[in-house]
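Here is a briefing on one protein chain.

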Amino acid sequence: MTTHDTPTSGHATSPSGPCRRTVVATLGAAGLAAALTACGGGDATGSAEPTGSNAPEKGGAGGAVLARTSDIPVGGGKIFKDEGVVVTQPTKGEFKAFANRCTHKGCPVTGVEGGTINCPCHGSKFSIADGSVKHPPAPSPLPPADISVDGDSIKLA
């Protein structure tokens, strides 16, 4: 038996530290974890469509007030992360709502500025007026969400 073999583990060891196989496996696992974390935000199925708790509610909230019309800036919008929607006001008095998950990889959008809803993961941008793709890689528009405006209250429909 050499100094690099152990009869119990079958792995080569070195007097100075772990074997090459252990180091390579550890680095590979760490790299995989980092890559998965960087692309996170989607569900385990990789679906770009919102599902489960990420899907916009469709009346399940009993018509609870989501926002006041004054909370949504003209030419901008506001993201409601817990409800899974983005509400926009493209022109004064016109309110739109969309799912808050990018259609590219399912990342949550994080900003509304310059007339677009913006995804930080890969740079997709969507129109605040109709959810259409203004900058790829998103392959399709953001799905619309149902809202109702009653006076100065905006509710999920």
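A residue counts as buried when its relative accessible area is under 20%, as exposed when the value is over 50%, and as partly exposed in between. C119, at 6% relative accessibility, therefore falls in the buried class. The model is predicted. The chain has 157 residues, and 31% of them count as buried. The structure holds 1 disulfide.

**The disulfide**

- C107 and C121 form the disulfide, and their sulfur atoms lie 2.2 Å apart.
- The link of C107 and C121 is left-handed, with -105° about the S-S bond.
- C107 sits in the loop between β4 (94-99) and β5 (111-113), while C121 sits in the loop between β6 (116-118) and β7 (125-127). The pair therefore ties together parts that are 14 residues apart in sequence.
- C107 is buried, at a relative accessible area of 1%.
- C121 is partly exposed, at a relative accessible area of 29%.
- C121 is also 8.3 Å from K105 in space, C-alpha to C-alpha. In sequence, C121 and K105 are 16 residues apart.

**The pair without a bond**

- C102 is in no disulfide. The nearest cysteine sulfur to that of C102 belongs to C119, 3.9 Å away.
- The cut-off for a disulfide is a pair of cysteine sulfur atoms within 2.5 Å.
- C102 is buried, with a relative accessible area of 2%. C119 is buried at 6%.

**The sheet**

- Four strands form an open sheet in the order β5-β6-β7-β8. The pairing is antiparallel.
- Which strands stand at the edges? They are β5 and β8 (133-135). Each has a single partner strand, so one side of each is left without a neighbour in the sheet.
- Neighbouring strands of this sheet are turned by 35° against each other on average, with direction ignored.
- β5 and β6 run antiparallel and are joined by 3 bridges.
- G111 has N118 of β6 as its bridge partner.
- The loop between β6 and β7, two strands of this sheet, holds C121.

**The chain as a whole**

- The chain contains 1 helix and 10 strands.
- Read from the N terminus, the elements run α-β-β-β-β-β-β-β-β-β-β.
- Among contacts with a separation of 6 or more, 45% join residues 24 or more positions apart.
- The chain exposes about 9000 Å². Carbon and sulfur atoms supply 56% of that area.

**Confidence**

- The average pLDDT of the chain is 76. Of the residues, 61% score at least 70.
- Where does the pLDDT stay under 50? One such stretch is residues 5-14, for which the model has 11 contacts beyond four places in sequence.
- Residues 22-61 also have a pLDDT below 50. This stretch has 36 contacts in the model beyond near neighbours in sequence.

Definitions and conventions: Residues numbered from 1 in each chain as written. Predicted model: local features only at pLDDT ≥ 70, side-chain atom pairs only at ≥ 80, totals over all residues. Heavy atoms only, no water. Buried < 20%, exposed > 50% of the residue type's maximum accessible area, 1.4 Å probe, protein only. Pairing = 2+ DSSP bridges. Axes fitted to C-alpha atoms, helices over the stretch in contact; angles between N-to-C directions. Contact = heavy atoms within 4.5 Å. Areas by Shrake-Rupley, 256 points an atom, 1.4 Å probe, with all protein chains shown as cover. pLDDT = per-residue confidence, 0-100.
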